[in-house]
Amino acid sequence: MCQNHGVAYISPGVVEVQQIEYPKLALGDRKCEHGVILQIVSTNICGSDQHMVRGRTTAPAGLVLGHEITGLVIEAGRDVEFIKEGDLVSVPFNIACGRCRNCKAGQTGICLNVNPGRAGAAYGYVDMGGWVGGQAEYVMVPYADFNLLKFPDKDQAMAKIRDLTLLSDIFPTGYHGAVMAGVGPGSIVYVAGAGPVGLACAVSCHLLGAAVVIVGDMIPERLEQARSFGCETIDLRNETPLADQIAQIVGVPEVDSAVDCVGFEAKGHGAGADVEQPANVLNAAMTITRAGGSIGIPGLYVTGDPGAKEKAAQEGSLSIRIGLGWAKSHSFFTGQTPVMKYHRQLMNAILYDKVQIAKAVNVEVISLDKAPQGYQDFDKGAAKKFVIDPHGLIPN
Ligand SMILES: NC(=O)c1ccc[n+]([C@@H]2O[C@H](COP(=O)([O-])OP(=O)(O)OC[C@H]3O[C@@H](n4cnc5c(N)ncnc54)[C@H](O)[C@@H]3O)[C@@H](O)[C@H]2O)c1
Ligand SMILES: [Zn+2]
Ligand SMILES: [Zn+2]
């Protein structure tokens, strides 16, 4: 019972399952009475983890990864009042105190009290407060009453755990990107990226009533996955400019809304589809979004990228054509998703069969010891979302 294993980042391209410390209800020397210990039921590998594992951040060796956590409460601190032992809960990847001005305003992605270095924290992530990650068997979650979303019925939830596991990050993140881009009934939307976040965003656009959802990527299997639930797709290996490819689908070379589900490791178009161009998606979004439209940017941009080719990009400075966006009066929305703003509504959409998110992102469940292989396959562009099942609790 007091053993724990987790996925640790070792060096670029290498992660390892290691024996790690069993979590304590403690914050440094102090007892963490507002926290709980979870036995982890499911914990997903994310594109955000890949930035670290590819050596594109300053993540230290030994960092225990994992911020997409769902689990059973097995121990609760004295001050946890409303979450009980035995509850099955979704953990937002943001760690939030519930007490600062940002948390009070619902901006839980930039809590002011959980990371001494900057606003906002997450489990198992570089620069995000040093919290131990949850690609493990057990993890500690602070401010449990505030952070956790309890599933109303455990048996019902376990039957849909492949969908519900996506509430800790990518479903709210895709949805947030769409909401921030102003997607609503009848919208025509371009989603850059057909990774799990892009696909979750495309599903969210449909849920919000979009008329046409166009997904762009350069990996054919991922585009195929987007077509499987009714999206139009654009293969960016094609030399035809993006705006012209959009015109071939909707008759005009622009869209109402665009969502960047790629981030700073973006590649180019056509002959450049294999070459990194970190500002490509942001510039493309400004080119194709109608004047007055909004651009959601859940794709991650960093303040330090030791692996960037250009010196400016190593400090997160990119060649963004801001004059174009300014001339078109675009609105831009960046940052970590405040998961809590959306997770309850999206849970209900899952429980009442309004959405098939696991199918859309092609969830594949793997055991903890298969996590290193999952990282490799995901890095190669598998059209899958890998979900780790550390205790073998997920039904077939
Ligand atoms: N804001 C948040 O809170 C939040 C949460 C989760 C993930 N993210 C970020 O969202 C992004 C996507 O996550 P993911 O798990 O889907 O990652 P992923 O790496 O699996 O997917 C990115 C996809 O973008 C494609 N791509 C590359 N260049 C492109 C271009 N120019 N145009 C279109 N597509 C292009 C890649 O081929 C890949 O399929 C990452 O940057 C991740 O860090 C942010
Ligand atoms: Zn994530
Ligand atoms: Zn806070």
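Predicted model: local features only at pLDDT ≥ 70, side-chain atom pairs only at ≥ 80, totals over all residues.
View 1. The UniProt annotation "domain: Alcohol dehydrogenase-like N-terminal", taken from an unreviewed entry, covers residues 34-152.

**View 2. The hairpin of strands S1 and S2.** Strand S1 (residues 5-11) pairs with strand S2 (residues 14-19) in the antiparallel sense, and six bridges are counted over this pairing. Within the pair, Val7 stands opposite Val17 in S2. Two residues lie between S1 and S2 in the hairpin that they form, and Gly13, which sits in the turn, has a positive phi of about 85°.

**View 3. The open sheet of six strands.** The strands of this open sheet follow the order S12-S11-S10-S13-S14-S15, and their pairing is parallel. Strand S12 (232-235) and strand S15 (331-333) are the edge strands, each of which pairs on one side only. On average, and with direction ignored, neighbouring strands of this sheet are turned by 20° against each other. Strand S10 (residues 188-192) runs parallel to S11 and is joined to it by five bridges, and in this pairing Val191 stands opposite Val215 in S11.

**View 4. Polar contacts of ligand 1.** An oxygen atom of ligand 1 is 2.8 Å from an N or O atom in the side chain of Arg222, and an oxygen atom of the ligand is also found 3.0 Å from a polar backbone atom of Val197. For a nitrogen atom of ligand 1, a backbone N or O atom of Gly335 lies at 3.0 Å. Taken alone, ligand 1 exposes 870 Å², of which the protein buries 94%.

**View 5. The shell of residues around ligand 1.** Of the 30 residues around ligand 1, those that come nearest are Ser48, Asp217, Arg222, Val262 and Lys267. Sorted by class, the shell around ligand 1 consists of 14 nonpolar, 12 polar and four charged residues. The elements that contribute two or more residues to this shell are helix H1 (47-53), helix H7 (196-207), strand S11 (212-217) and helix H10 (280-288); with three residues, H1 gives the most. Strand S11, which gives residues to the shell, is also a member of the open sheet of six strands, where strand S10 is joined to S11 by five bridges.

Notes
Residues numbered from 1 in each chain as written. Chains lettered and ligands numbered in written order. Heavy atoms only, no water. Near = heavy atom within 4 Å. Polar contact = N/O pair within 3.5 Å; in protein donor to acceptor, adjacent residues only side chain to side chain. Areas by Shrake-Rupley, 256 points an atom, 1.4 Å probe, with all protein chains shown as cover. Helix = DSSP H or I, 4+ residues; strand = E, 2+ residues; numbered from the N terminus. Nonpolar A, V, L, I, M, F, W, Y, C, P; charged D, E, K, R; others polar. UniProt positions renumbered as here; feature names shortened; annotations may be inferred. Pairing = 2+ DSSP bridges. Axes fitted to C-alpha atoms, helices over the stretch in contact; angles between N-to-C directions.
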